[in-house]
Amino acid sequence: MIHSGDLASNKSEAHKGIEESWRKTVKDAGRYLITVLAPRRRWIFPGLDQRLAAAPALGSGAPPARPYAAAAKTAKKGSQKTKQEETKKKQVTKRRLLMSKPVDDVYLTWYYERPSYDLEEAVGMLKKFQELDFTHPKQYVYINVFLDMALQKKKKVDPFASAVLLPYRFTDETNKVLVFTEILEDEIQVDFYVAVPAIMPKLIPLRNKLRRKYPSTKRNSLGHDIPKMLQLFREGLEYMVEDENIIKTRIARLDMPTEQIVANLKTVIHDICTFKPLTYGPFVRKLVIRSSTSEGLLLNLDGLLPQVEKVQEEEEEENADDNEEKNVQESVST
């Protein structure tokens, strides 16, 4: 008779024998692989020797200590700002330094600085663009003027509007101008209003209605020379500051001679620069010229803006002359 207990013990012994034989075969296979791959382990497993040397022995002793674990809990209270600063620093991506000039004709524009051109060169390029694109030759020429409105401390130049007479007219359009001589009951649709100082007390009720068209000396719409004001606002070019620091206006037609386009642009720029004292630095920060169908070309500002140094030298010379006159007067009085 064979007992069930004897059968169970025989099965367990058989299983143990199979597991031991399997372990031996695995060990033998591993040793064989190690012996075969040992000469080539540097390029199969790069950095394996350094990792094995730096790694602690398996199963040796207790787990590593955490000397800063307790201090980390107390530091969480005052470390919120430092964590935010660290995250901000990580989020800031370093921009690639832009190169100055491309070598080839075909290049990625965002890898290079935006080129700037002299005024005459830029106007010539716009004329070539028109010929190559087969666009209308009498299209308008526009400029975008980016201004530096900052003054002392937190003060800024208030947004303004103005009109200027160009040396070369490029359109036959004329504006409607009303000269105030008396108050009219009927409404008249006009582009500009001009007046003499004597009638201004009567125009006070119309101030909120006329708003920016209300006659004022800043806009040269208030004065005694009526014919001059009429010519300015009938034939002149009006421009204004948009979006706090940008002026967008047309200055000429593309089929005009380059000299006339340059003269019109310089006239507009010099009129704009009168709204900020030169002692605060250049008023125009960036200047872009384009036509109706072309891309914008960044202009080189050298020679286009009024020079601050010349104004300072003139003021210093005037102050020196005044001091000399005072000294002469004091010597004569003594």
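This is a predicted model: local features need pLDDT of at least 70, side-chain atom pairs count only at pLDDT 80 or more; totals for chains, interfaces and linings use all residues.
A search of the whole structure returned five aromatic pairs. A pair of aromatic rings is described by the distance of the centres and the angle of the planes. For Tyr-140 and Phe-170, the ring centres lie 5.9 Å apart and the planes meet at 75°, so this pair is edge-to-face. The cut-off for that class is an angle over 60 degrees.

Phe-192 and Phe-233 make up another aromatic pair. Here the centres are 4.9 Å apart and the planes are at 40°, a tilted arrangement. This pair, too, links distant parts of the chain, 41 residues apart. Phe-192 lies in strand S5 (residues 192–195), and Phe-233 lies in helix H9 (residues 226–235). Phe-192 has a relative accessible area of 5%, so this residue is buried. Phe-233 is at 2% relative accessibility and therefore also counts as buried. The limit for a buried residue is under 20% relative accessible area.

Tyr-140 and Phe-170 also belong to an aromatic cluster, together with Tyr-142. Two of these rings carry an arginine over the face. Arg-250 lies over Tyr-140, at 4.3 Å from the ring centre. Arg-290 lies over Tyr-142, at 4.6 Å from the ring centre.

One cavity of 30 Å³ or more was found in the structure. The largest cavity holds about 30 Å³ of space. Both members of the tilted pair, Phe-192 and Phe-233, are in its lining. Tyr-193, Arg-212, Lys-213, Tyr-214, Arg-219 and Ser-221 line the largest cavity as well. By class, the lining comprises four nonpolar, one polar and three charged residues.

Asn-264 is located in helix H10 (residues 258–272). A polar atom of the Asn-264 side chain lies 3.0 Å from the backbone oxygen of Ile-251.

Note on methods. Residues are numbered from 1 along each chain as its sequence is written. Side-chain values use heavy atoms; hydrogens and water are left out. Rings of Phe, Tyr and Trp (its six-membered ring) pair if their centres lie within 6.5 Å; planes under 30 degrees apart count as stacked, over 60 as edge-to-face and the rest as tilted. Helices (H or I, at least four residues) and strands (E, at least two) are DSSP runs, numbered from the N terminus. Buried means under 20% relative accessible area, exposed over 50%, partly exposed in between (1.4 Å probe, protein chains only). A charge sits over a ring if NZ of Lys or CZ of Arg is within 6 Å of the ring centre and within 35 degrees of the ring normal. On a 1 Å grid over the protein atoms alone, a cavity is a set of points where a 1.4 Å probe fits but cannot get out, and a pocket is an open set with protein on both sides within 12 Å along at least five of seven lines; lining residues have an atom within 4 Å of a point. Grid points are joined across faces, edges and corners, and a volume is the space filled by probe spheres set on the points. Ala, Val, Leu, Ile, Met, Phe, Trp, Tyr, Cys and Pro count as nonpolar, Asp, Glu, Lys and Arg as charged, and the others, Gly among them, as polar. A polar contact is a pair of N or O atoms within 3.5 Å; within protein, one must be able to donate a hydrogen and the other to accept it, and residues adjacent in sequence count only if both atoms are side-chain atoms.
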